[in-house]
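Let's walk through this structure together, one region at a time. Have the sequence and the 3D view open as you read.

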Amino acid sequence: MGIETASGTVTTPISIPAMSNKGTLRVISTGVDHTLALSETGQVFCSGNNAVGQCAVSASTQVLKLPQLISFGGALNGASVTRVYAGKQFSMAIDSNGNVYSWGTGKGLCRVLSGDTTFSATPTRIDMTALNGKKAAEFAEGSTGDFVAILTTDGSVFTCGSNSN
């Protein structure tokens with residue numbers, strides 16, 4: 001949850017002190033057991049379970065008790081992150097050019113389009129050739145956590161991942 005001093009169940013909402021100096025937050029998203037936050041300057045922070053790299057640090061770091069800045073390296077090519085999504089055991093982001101990035105588990109998600117079913121702690125741009133040049137605007141995860149729906153800027157919807165149900 002990003003609260004280093006709390007343990008067990010927190011029954012009263014409390015402020016996350018470690019986020020107080022990160023600027024104004026625009027988007028927050030919670031997965032099963034990790035949280036992403038997007039600042040107005042496009043910085044992405046994560047805290048929580050990192051067992052499969054969903055917080056974008058080496059999986060040898062199992063839990064991030066305090067929010068940590070995620071590095072996209074040169075992958076953004078000057079673009080900024082505009083949306084974040086914390087899924088079951090993965091995280092996703094959309095940049096200002098409509099590109100989609102994913103990290104954490106790849107099994108059952110859009111990364112399988114390129115044959116990637118492992119986990120990665122590195123935010124990786126997804127090959128979205130199937131969008132036919134359309135730009136991603138928003139996304140949502142299925143309730144089982146193994147598929148994603150992508151809404152494009154022109155209102156089209158694409159899905160990828162498990163089609164077992």
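Which residues do ring pairs link into a cluster? They are Phe72, Tyr101 and Trp103. Before going further, please keep in mind that this is a predicted model.

Let's stay with the aromatic rings for a moment. A pair of aromatic rings is described by the distance of the centres and the angle of the planes. The count of aromatic pairs comes to 4. In one of them, the ring centres of Tyr85 and Phe90 lie 6.4 Å apart with their planes at 35 degrees, so this pair is tilted. Tyr85 and Phe90 are both buried. Tyr85 also pairs with Phe139: here the centres are 5.9 Å apart and the planes meet at 70 degrees, so the arrangement is edge-to-face. This second pair links distant parts of the chain, since Tyr85 belongs to strand β5 (residues 81-86) and Phe139 to strand β9 (residues 136-141), 54 residues apart. Tyr85 has a relative accessible area of 18% and is buried because the cut-off is under 20%. Phe139, at 5% relative accessibility, counts as buried too.

Strand β2 (residues 34-39) runs antiparallel to β3, and 5 bridges join them. Together they form a hairpin with 4 residues between the strands, and Gly42 in the turn has a positive phi of about 90 degrees. Across this pairing, Leu38 stands opposite Val44 in β3. On to the next partner: β3 and β4 also pair in the antiparallel sense, over 4 bridges, and here Phe45 stands opposite Leu69 in β4. How many of the residues of β3 are buried? The answer is 5 of its 6, so the strand is mostly covered.

Is Asn50 buried or exposed? At 0% relative accessibility, Asn50 counts as buried. A polar atom of the Asn50 side chain lies 3.0 Å from the backbone oxygen of Val57. Setting aside neighbours within four places in sequence, the contacts of Asn50 include Cys55, Ala56, Ser58 and Thr61.

Finally, a word on the cysteines. Cys46 counts as buried at 0% relative accessibility, and Cys55 counts as buried at 2%. A disulfide is a covalent bond between the sulfur atoms of two cysteines. How many disulfides does a search of the whole structure find? The search finds 0.

Key: Residues numbered from 1 in each chain as written. Predicted model: local features only at pLDDT ≥ 70, side-chain atom pairs only at ≥ 80, totals over all residues. Heavy atoms only, no water. Phe/Tyr/Trp six-rings, centres within 6.5 Å; stacked < 30°, edge-to-face > 60°. Buried < 20%, exposed > 50% of the residue type's maximum accessible area, 1.4 Å probe, protein only. Helix = DSSP H or I, 4+ residues; strand = E, 2+ residues; numbered from the N terminus. Polar contact = N/O pair within 3.5 Å; in protein donor to acceptor, adjacent residues only side chain to side chain. Contact = heavy atoms within 4.5 Å. Disulfide = S-S within 2.5 Å. Pairing = 2+ DSSP bridges.
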